[in-house]
Amino acid sequence: MQPAASTLSEISAAIQQGRLPAAEQLAREQLHAHPGDESILTLLGLSVQMQGRPGDAAVYFEELTRLHPDAALHWNNLGSVLRDAGRSEDAEAAYRRAQALAPGDSQVLENLGLLYYDRADYAAARVCFLG
């Protein structure tokens, strides 16, 4: 059974309004009722990441990549939380997987470029930013 669209909208609205702990709590409750639900896991990961807990958020995005290994979006999100958590090499691997699944995706290239920029590898960053 899928979660109600209104519940997903409520979680999304809480995130957009900056009510991140409330969004996290509601998403956790819904995940308990709907284990493995893609939308809930995504919203939970985002709400946790936005609260400055990228290591905790990685758990949800790792689960999403296990459940949906061909979804570039989840690999890209995983790369972002890993980058924020200071796990540069793991982030690069996640971004590379996203890039393999969605060649030319501008968001993946931008994120990979930011990772290289963080490492002061400006030549590699430039290649990503210029496509």
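## Salt bridges

E63 forms a salt bridge with R66, with 3.0 Å between the closest N and O atoms; a salt bridge here is a side-chain nitrogen of Lys or Arg within 4 Å of a carboxyl oxygen of Asp or Glu. The model is a predicted one, in which local features need pLDDT of at least 70, side-chain atom pairs count only at pLDDT 80 or more, and totals for chains, interfaces and linings use all residues. Residues are numbered from 1 along each chain as its sequence is written, and side-chain values use heavy atoms, with hydrogens and water left out.

Both E63 and R66 sit in helix α4, 3 residues apart, about one turn of the helix. Helices (H or I, at least four residues) and strands (E, at least two) are DSSP runs, numbered from the N terminus. E63 is partly exposed at 27% relative accessibility, whereas R66 is exposed at 55%. Buried means under 20% relative accessible area, exposed over 50%, and partly exposed in between (1.4 Å probe, protein chains only).

| Pair | N to O distance |
|---|---|
| E63 and R66 | 3.0 Å |
| R53 and E24 | 2.9 Å |
| R97 and D70 | 3.5 Å |

R97 belongs to helix α6 (residues 88-101) and D70 to the loop between α4 and α5 (72-84), so this pair ties together parts 27 residues apart in sequence. R97 is partly exposed, at 31%, and D70 is exposed, at 61%.

The side chains of R53 and E24 also meet in a salt bridge. This pair links distant parts of the chain, 29 residues apart: R53 is in the loop between α3 (38-50) and α4 (54-67), and E24 is in helix α2 (residues 20-33). E24 is buried, at 10% relative accessibility, while R53 is partly exposed, at 26%. A network of salt bridges links E24, R28, R53 and D56.

## Overall fold

The protein has 8 helices and 0 strands. Its C-alpha atoms fill a box of roughly 45 × 25 × 20 Å along the principal axes. Buried residues make up 42% of the 131 residues.

## Two single residues

A120 lies in the loop between α7 (106-118) and α8 (122-129). Its phi is near 65 degrees, a positive value in a residue other than glycine, and A120 is partly exposed at 43%. A13, in helix α1 (residues 5-16), is partly exposed at 24%.
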